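Subject: Structure for your review

Dear colleague,

Please find below the structure I promised to hand over.

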Amino acid sequence: MSRPVPAVFGSEFYPEMPTVAYQNGAWQPVRWQESATITLPAGAHGLHYGSECFEGLKAFCQKNGDIVLFRPDDNIARMRQSARLLDMPIPEADTFREALFELVRRAADYVPDAPNAMYLRPTLVGTDPVIGKAGHSTTSALLYILASPVGDYFKVGSPMKLLVETEHMRCAPHMGRIKCGGNYASALPWLNQAHEKYGANQVLFCPNGDVQETGASNFMLIDGNTIRTKGLTDEFLHGVTRDSVLKVAKDLGYTIDERNLTVAELQKAIENGAEAILTGTAAVISPVTSFVINDKEIPVAGQERALAIRAAITAIQYGDAPDRYGWIHKI
Ligand SMILES: *Cc1c(COP(=O)(O)O)cnc(C)c1O
């Protein structure tokens, strides 16, 4: 079945959604409601003091008609981790998983064919209605999950110009691995400046020359037969796609080199013909087309390797290649 998808990514939602409230020290049963609006107290903790985190994953319609989720347990685990690090009520994995799968079952007819997908957005928000609780964790929360049919975020030939930012950080270093709205807000001034001043598409945050990630995707160099990326620290988001790319690339014969990378090393590698990529759920892999380093634009030579690795992953997602990793979960 090929359904039309909206032109703007994430602008339309399946009309129903599951919600689970945490109240009086316990998670309440799942309730289904319309997805267009939620009712929150005007004093809700999440709106005032940033107790909020979210997830992003996809469901696919495979060639044989199966509707599948890609690595859902990794996203559930990451949201529980984000909630824990923000000292919010931690969703129960089983209830969360069942609500997520039930949503995809109900929305199955709305999951579009390749190269499109159903993007899923679990959201957790602190709901204590007391604005005097600035110095306290929320003791109540709401978990809800949006489902949004989306087109392919990846467009062949589109520019991906990265401004290399060595002065400012994306977010506070201890917040980096938390998937929360506050981190996005924190990166916006630098992103807006990069658009206006350099016509850059994204900012690559490299505080003190340490290459980390962009505002919403992880970063890797494909240098000959070696994939280089920073090893996992608290400073940046541990992408599920990052992990998938490293595992698939290893099986394609690449050497994986996870350690710190400096801007000077990055520049040298690019000038010597290395490829560079961004990884994330929306586009899987976006090849970087140029960098702006110290006001100078440096083009990236190619993207063949990037596209081959991307194709190997999307083949698993759409059922064109066997899933040797246990990533695919049928609804
Ligand atoms: C979500 C996100 C990513 C990518 O994570 P995936 O699990 O691969 O989608 C990378 N960086 C940031 C800051 C993110 O929020």
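Predicted model: local features only at pLDDT ≥ 70, side-chain atom pairs only at ≥ 80, totals over all residues.

Let us begin with helix 6, which spans residues 263–271. Which of its residues are buried? They are Val263, Leu266, Ala269 and Ile270. Seen down the axis of helix 6, these buried residues fall within an arc of 125 degrees, so they line one face of the helix. Ala264 and Lys268, on the other side, are exposed. The buried residues pack against several strands, among them strand 9 (161–165), strand 11 (218–223) and strand 14 (275–280). After helix 6 comes Gly273, which has a positive phi, near 100 degrees.

I turn now to the cavities. A search of the whole structure finds two of 30 Å³ or more.

The largest cavity holds about 100 Å³ of space. Strand 5 (57–61) and helix 5 (240–251) each supply at least two residues of its lining, and strand 5 gives the most, with three. Domain 1 (16–150) and domain 2 (161–318) each contribute at least three residues to this lining. By type, the lining has five nonpolar residues, five polar and one charged.

The second largest cavity holds about 40 Å³ of space. Among the residues that line this cavity are Val20, Trp27, Glu92 and Leu143. Its lining divides into five nonpolar residues, one polar and one charged.

Yours sincerely,
A colleague

Notes:
Residues numbered from 1 in each chain as written. Heavy atoms only, no water. Buried < 20%, exposed > 50% of the residue type's maximum accessible area, 1.4 Å probe, protein only. Helix = DSSP H or I, 4+ residues; strand = E, 2+ residues; numbered from the N terminus. Arc of directions from axis to C-beta. Contact = heavy atoms within 4.5 Å. 1 Å grid on protein atoms, 1.4 Å probe; cavity = no way out; pocket = protein on both sides within 12 Å on 5 of 7 lines; lining within 4 Å. Points joined across faces, edges and corners; volume = space filled by probe spheres on them. Nonpolar A, V, L, I, M, F, W, Y, C, P; charged D, E, K, R; others polar. Domains from an automatic or database assignment.
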